[in-house]
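Please examine the sequence and the structure shown below. The report then describes a sheet and a set of aromatic ring pairs.

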Amino acid sequence: MNIIGPDALLFGVDDIDACTQYLTDYGLKQAGNGRFEALDGTAVMIAPKDDPSLPAPLGTGSLLRKTIYGVADQATLDAIADELGRDREVKQLQDGSLEVTDDVGFVLGFQVTVRNPLSLPAEAINAPGAPPQRPANVIGVEDGAQPRPRTLSHVVYFVPDFARAEAFYAERLGFVTTDHFIGVGPFMRPAGTRDHHTLFFIKTPPHMQGCEHFTFHMGGPTEVMQAGTQMVNKGYQSFWGPGRHLFGSNWFWYFKSPFGCNMEYDADMDLHDEQWTAREAAMGADTSQAFLLQPREKWAPGGPPPKAGK
């Protein structure tokens with residue numbers, strides 16, 4: 001099935017004003033009706049948690065109400081309805097999208113994707129022994145730049161039974177496992193993208209089920225560093241990073257958020273096709289990142305030692 005990836009995440013939240021400020025500071029553009037968009041139109045959507053139009057909550061305290069996937073065309077949407085309709089209710093909403101619940105209780109939406117094609121340069125580097133990627137007199141970093149998230153990258157779920165979840169997404173929706181943390185859970189991608197993952201499961205007790213984090217792709221590691229530094233300077237709590245993962249190779253920086261989960265910036269994720277063989281590793285500090293950095297206040301030689309960031 002030609003599922004491209006997550007188009008939007010829908011949350012029922014406690015504090016609309018705090019969430020609005022957070023998403024704006026993160027770099028998303030407010031598009032009305034509680035919708036906050038990246039450059040390609042993928043989005044986070046928020047509503048009061050008692051809004052009767054929202055899907056029912058999980059009952060674990062998770063604020064995530066629905067993960068909405070974009071698909072390539074109406075034929076894919078019809079195929080999903082036929083496949084999942086064999087053993088569960090598939091609702092067709094007024095906007096033509098589908099709503100259904102997966103095998104572990106998460107509500108999913110499916111729609112013909114709203115993603116707008118992007119034509120933007122990636123971060124370019126110059127390295128000895130290779131042709132220049134950034135020509136003479138083109139600077140590599142702009143002081144005061146305001147990088148914006150480009151597209152919704154992935155969502156990570158806490159689940160009590162990752163094997164059951166993996167089987168549903170693989171057998172019913174055509175997702176492929178790209179890598180696996182032994183006893184913890186798989187990284188998965190749908191057929192319509194080559195991104196290392198758009199979905200990752202982490203095994204937890206049932207009372208913890210919900211969203212662990214979600215992230216948007218940036219234009220490169222410098223944008224991750226700039227955007228993350230701006231979040232620190234605005235007083236938001238850095239949770240993990242900056243650093244670079246091993247599985248997926250993506251640069252990362254995670255922050256605490258008012259969505260009951262963490263929110264990440266990432267960049268430069270590995271791409272895979274059908275020739276890739278999934279790896280396995282035990283989860284731990286040595287396998288979760290290639291390296292991890294610590295944010296500090298800006299400093300100049302000759303001054304007092306730099307202080308740790310907020």
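The following paragraphs treat the sheet and then the aromatic pairs of this predicted model.

**The sheet**

An open sheet is formed by 10 strands, and their order is β17-β10-β11-β12-β9-β13-β16-β15-β14-β18. The pairing within this sheet is mixed. At the edges stand β17 (279-281) and β18 (291-292); each has a single partner strand, so one side of each is left without a neighbour in the sheet. Helix α1 (residues 16-26) packs on the sheet and touches β13 (210-217), β15 and β16 (262-267). The direction of helix α1 makes about 15° with that of β16.

Strands β14 (residues 238-244) and β15 (residues 251-256) pair in the antiparallel sense, over 4 bridges. Tyrosine 254 in β15 is the bridge partner of tryptophan 240. In general, strands of a sheet pair through backbone hydrogen bonds.

**Aromatic pairs**

The model contains 25 aromatic pairs.

Phenylalanine 11 belongs to strand β1 (residues 3-13), whereas phenylalanine 259 lies in the loop between β15 and β16, so their pair ties together parts that are 248 residues apart in sequence. Phenylalanine 11 is buried, at 0% relative accessibility, and phenylalanine 259 is buried at 1%.

In the other pair, tyrosine 169 is buried with a relative accessible area of 0%, and phenylalanine 175 is buried with 4%. Both residues belong to a cluster linked by ring pairs, whose members also include Tyr69, Phe106 and Phe201.

Definitions and conventions: Residues are numbered from 1 along each chain as its sequence is written. This is a predicted model: local features need pLDDT of at least 70, side-chain atom pairs count only at pLDDT 80 or more; totals for chains, interfaces and linings use all residues. Side-chain values use heavy atoms; hydrogens and water are left out. Two strands pair if DSSP finds at least two bridges between them. Helices (H or I, at least four residues) and strands (E, at least two) are DSSP runs, numbered from the N terminus. Contact means heavy atoms within 4.5 Å. Axes are lines fitted to C-alpha atoms, for helices over the stretch in contact, and angles run from 0 to 180 degrees between N-to-C directions. Rings of Phe, Tyr and Trp (its six-membered ring) pair if their centres lie within 6.5 Å; planes under 30 degrees apart count as stacked, over 60 as edge-to-face and the rest as tilted. Buried means under 20% relative accessible area, exposed over 50%, partly exposed in between (1.4 Å probe, protein chains only).
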